[in-house]
Amino acid sequence: MRIIVVLLVSLFAGRAMAAELPPEIQRVLTGHDIPADDVSIIVQDVDAAEPLLSYLPDVPRSPASVMKVVTTWSALEYLGPAYTWPTEVYFLGAFDGRKLDGDLGIKGYGDPYLVAEELWKMLAALRRLGLKEIGRNLVLDDSYFAVDEPDPGEFDGMPYRTYNVVPNALLVNFKAVQFQFAPDSLHGRVHVATDPVLPNLTIRNDLQLVDGGCQAFQAGIAFDHADPMTLAEVELSGRFSRRCNVYNMSRTVLQHDTYAFGLFSELWQEVGGVFRGELRKAQMPADVAPALTWRSRPFGEIIRSINKNSNNVMTRQLLYTLGAESAGPPGTRANGVAAVRSLLESRGIDLSSLTLTNGAGLSRDERASMRLLTDILRMAYRSPYAPEFMASLSLGGLDGTTRGRFDTRASEGLMHVKTGRLDNVSALAGYVHTPSRTYTVAIVMNSPDAHRGPGQELEEAVVRWTLAQK
């Protein structure tokens, strides 16, 4: 009898809470037949002690990429916006001012934004030191991280998608290549170009140029690797229509070390250098000082690339960096998670709802309540680093992951938010600005097909309701 009473009370409470949602928000759930228990919402004035709207705030749910708020804010507090990542270059042999009679060594410290342009600038700086010819090999050292990650394809069976790249202390250009496909009717083929060009990557182009309409999925292109271990030979097949526009596709190739070697070889030649050696992996000797230390952009700039574009691999690099900075090298994922939890606990944040695995939200296991996210957003708003953090979030409707979203020009630019989406998950968290107040909002839907539209409709209904408040 007692169990029945408890169940009835719980059921009644659930219905009562559903009825407390504003009609324009409840209408979204009703219209899509979304169970009221599948969503959590908090809207709170940053200066108020209590929320304006609170619905199932303490339920741990999958926030998808909104989890990046937890990781990036913790890193900003721990590292500071002026933090930079070094990449060290070593002359492992005699240098006469032009030729290095030995190996060139490069040690990475986890720079999450060592893209092709930054690597080119680093190599140009080497040339300015006088180095032109490298007599022996390229030695790479990625020992600053001890990477413990599942196979890249474990999350969704798509190991060659760029969002599935695993961390590495010498991550170069996200280990990605952009493939460009264009119909070449004159020669009856599909022209394929890559950016960057990697001399150690083989591309087998078996694409057929055909008549008819351009196919919707990947323009009819099938992408695969001949050897899933080396990822050194790309196989392209399928039927690409003459009617297709130029089509771009980003995919991962090679392994971290072979990718870095290939891009180094190409760019070193571009800056006028000479190199005919091979790749070797080893730790840099402790008794040799680096000939050049290249510094990344400050974290206050890099955090914008992470949050606005919801970059998974950069966030995961950040977690390993926190592991190394907090517990000493090598950086590990476990130590990074511990650093986040320790910092937030020291700020008085209740972490009972938090399950953190990779910090990026690219996980079926990560969980957080909307109250946790709200507490972090409110704390961040009062921090000296608030400008850097807020500027890293998508400017509603104008850039990043919300570009083109929201239904009226009146709402564009009136919010700084982070979005998240996985299968059956849709979430949004951040700040909504009215003429007189700023509100934190945290919204999540964990429900079948939430990612197909209902979740976004709910988020936009909550934002409209918030903007209408005095």
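Let's start at Ser 62, which sits in the loop between strand E2 (53-55) and helix H3 (68-79); helices (H or I, at least four residues) and strands (E, at least two) are DSSP runs, numbered from the N terminus. Ser 62 is buried, at a relative accessible area of 6%, where buried means under 20% relative accessible area, exposed over 50%, and partly exposed in between, with a 1.4 Å probe and protein chains only. Setting aside neighbours within four places in sequence, Ser 62 is in contact with residues including Ser 363, Glu 366, Arg 367 and Asn 446, contact being heavy atoms within 4.5 Å.

A quick word on the ground rules, friends. This is a predicted model, where local features need pLDDT of at least 70 and side-chain atom pairs count only at pLDDT 80 or more, while totals for chains, interfaces and linings use all residues. Residues are numbered from 1 along each chain as its sequence is written, and side-chain values use heavy atoms, with hydrogens and water left out.

As for confidence, pLDDT is the predictor's own, per residue, from 0 to 100. The chain has a mean pLDDT of 93, and 94% of its residues reach 70 or more. Do be careful with residues 1-19, where pLDDT is below 50.

Now the sheet. Six strands form an open, antiparallel sheet in the order E2-E1-E20-E19-E18-E17, and two strands pair if DSSP finds at least two bridges between them. E2 and E17 are the edge strands, each pairing on one side only. Between E1 (residues 39-45) and E20 (residues 438-446) there are seven bridges, and Ile 42 stands opposite Ala 442 in E20. Helix H9 (residues 370-381) packs on the sheet, touching E1, E19 and E20, with its direction at about 155° to that of E20. Helix H11 (residues 454-467) packs on the sheet too, and its direction makes about 15° with that of E19. For those angles, axes are lines fitted to C-alpha atoms, for helices over the stretch in contact, and angles run from 0 to 180 degrees between N-to-C directions.

On to helix H6: eight of the 10 residues in 299-308 are buried, so the helix is largely enclosed by the rest of the structure. Its cover includes H3, H7, H10, E17 and E18.

Last, the disulfide, meaning a pair of cysteine sulfur atoms within 2.5 Å. Cys 214 is joined to Cys 244, S to S 2.0 Å, and the S-S torsion is about 105°, so this disulfide is right-handed. Cys 214 is partly exposed at 40% relative accessibility, whereas Cys 244 is buried at 5%.
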